[in-house]
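Have the model open while you read.

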Amino acid sequence: MSNPVITHQPGAGSYGTNVQTGKWSTGLCSCCSDILVCALGFICPLALSCYTANKYGENVCLACVPGGMTAMRTHMRLTYGIQGTICNDALMTCCCGFFETCRMAREIRIRNGDV
């Protein structure tokens, strides 16, 4: 028997859109644009991270896993078609953790129509 010849490679899976041209709905330091998110993040950042993971449809424990918020930010960015890189995702969640978690929570609330 002869093996079939592959003439076309399967494509990569897509996340919402293949072209990331969008931007985040709010800026990194726009914490006061959603007082609920700002207050929760200020009082207990871990609770905000768990809330954000839950609202995004992930397990709340994702916030406690090293790199979990970076992975969620990357998936969120790809799903919503927001420009960026994995390196940028890691730097933003590591160096600007509080502000970035607030922005991710705001983005989910805006996209879900909760604001």
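Two residues count as being in contact when heavy atoms lie within 4.5 Å. This is a predicted model, and by that cut-off Leu 48, Ser 49, Tyr 51, Thr 52 and Lys 55 of H2 meet Thr 101, Cys 102, Met 104, Ala 105, Ile 108 and Arg 109 of H5. Sorted by class, this H2–H5 contact holds six nonpolar, three polar and two charged residues.

Now for H5 itself. The helix runs over residues 97–111; its 15 residues reach 21 Å from first C-alpha to last, close to the 21 Å expected at 1.5 Å a residue. Glu 100, Thr 101, Cys 102, Arg 103, Met 104, Ala 105, Arg 106, Glu 107, Ile 108 and Arg 109 are buried in H5. Who do the buried residues pack against? Their partners are H1 (35–43), H2, H3 and H4 (86–95).

Two of these pairings come with crossing geometry:

| Pair | Angle | Axes | Crossing |
|---|---|---|---|
| H2 (residues 45–55) and H5 | roughly 30° | within 9 Å | left-handed |
| H3 (residues 68–80) and H5 | about 40° | 11 Å apart | left-handed |

On the H3 side of the second pair, the contact uses Met 69, Met 72, Arg 73, Met 76 and Tyr 80, while H5 brings Glu 100, Thr 101, Arg 103, Met 104, Glu 107, Ile 108 and Arg 111. That contact of H3 with H5 splits into six nonpolar, one polar and five charged residues.

Finally, what follows H5? Gly 113 does, with a positive phi near 75°.

Note on methods. Residues are numbered from 1 along each chain as its sequence is written. This is a predicted model: local features need pLDDT of at least 70, side-chain atom pairs count only at pLDDT 80 or more; totals for chains, interfaces and linings use all residues. Side-chain values use heavy atoms; hydrogens and water are left out. Axes are lines fitted to C-alpha atoms, for helices over the stretch in contact, and angles run from 0 to 180 degrees between N-to-C directions. Helices (H or I, at least four residues) and strands (E, at least two) are DSSP runs, numbered from the N terminus. A crossing is left-handed if the near helix is turned anticlockwise from the far one by less than a right angle, and right-handed if clockwise. Ala, Val, Leu, Ile, Met, Phe, Trp, Tyr, Cys and Pro count as nonpolar, Asp, Glu, Lys and Arg as charged, and the others, Gly among them, as polar. The expected span of a helix is 1.5 Å times one less than its number of residues. Buried means under 20% relative accessible area, exposed over 50%, partly exposed in between (1.4 Å probe, protein chains only).
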